[in-house]
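User: Can you walk me through this one? I'd like to start with the aromatic rings and then look at helix packing.

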Amino acid sequence: DVTRAMDVLRKIAEDGLVPNDSSWREALKAAANACRSDLAEEIWNKGTQFHLRQSGMQQSWKPSVDSLAALLASYIRHARSD
């Protein structure tokens, strides 16, 4: 469920941890399964803008091809559901 996936991402960040590609990808897949490309796009934007500074180092998400595929799947499923 998309809400739960987004809550998990939020909790990871609140705990000072860095969501990895699998975390972002699973949230994108949840949005695709719900036929919610709008939420998938929101997740993608949050992920690509995510930066965490820890111990003077900056950490950010570098999307994989599989994560891009999950984003595209959300657009396809949304289009097919209309």
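This is a predicted model: local features need pLDDT of at least 70, side-chain atom pairs count only at pLDDT 80 or more; totals for chains, interfaces and linings use all residues.

User: Are Trp44 and Trp61 buried or exposed?

Analyst: Both Trp44 and Trp61 are buried.

User: Which residues make up the ring cluster?

Analyst: Trp24, Trp44 and Trp61, joined by ring pairs.

User: On to helix 3. What's its span?

Analyst: Helix 3 runs 18 Å from first C-alpha to last over 13 residues. That is close to the 18 Å expected at 1.5 Å a residue.

User: Which of its residues are buried?

Analyst: Ser37, Leu39, Ala40, Ile43, Trp44 and Gly47 in helix 3. They lie on the same side of helix 3, because they cover an arc of only 155° around the axis.

User: What do they pack against?

Analyst: The buried residues of helix 3 pack against helix 1 (2-14), helix 2 (21-33) and helix 4.

User: How are helix 1 and helix 3 arranged?

Analyst: Their axes are 12 Å apart, at an angle of about 10°. An angle under 35 degrees counts as roughly parallel, so helix 1 is roughly parallel to helix 3.

User: Which residues meet there?

Analyst: From helix 1, Val2, Met6 and Leu9. They meet Leu39, Glu42, Ile43 and Lys46 in helix 3.

Conventions: Residues are numbered from 1 along each chain as its sequence is written. Side-chain values use heavy atoms; hydrogens and water are left out. Buried means under 20% relative accessible area, exposed over 50%, partly exposed in between (1.4 Å probe, protein chains only). Rings of Phe, Tyr and Trp (its six-membered ring) pair if their centres lie within 6.5 Å; planes under 30 degrees apart count as stacked, over 60 as edge-to-face and the rest as tilted. Helices (H or I, at least four residues) and strands (E, at least two) are DSSP runs, numbered from the N terminus. The expected span of a helix is 1.5 Å times one less than its number of residues. The arc is that of the directions from the helix axis to the C-beta atoms. Contact means heavy atoms within 4.5 Å. Axes are lines fitted to C-alpha atoms, for helices over the stretch in contact, and angles run from 0 to 180 degrees between N-to-C directions. Angles under 35 degrees count as roughly parallel, over 145 as roughly antiparallel, 65 to 115 as roughly perpendicular and the rest as oblique.
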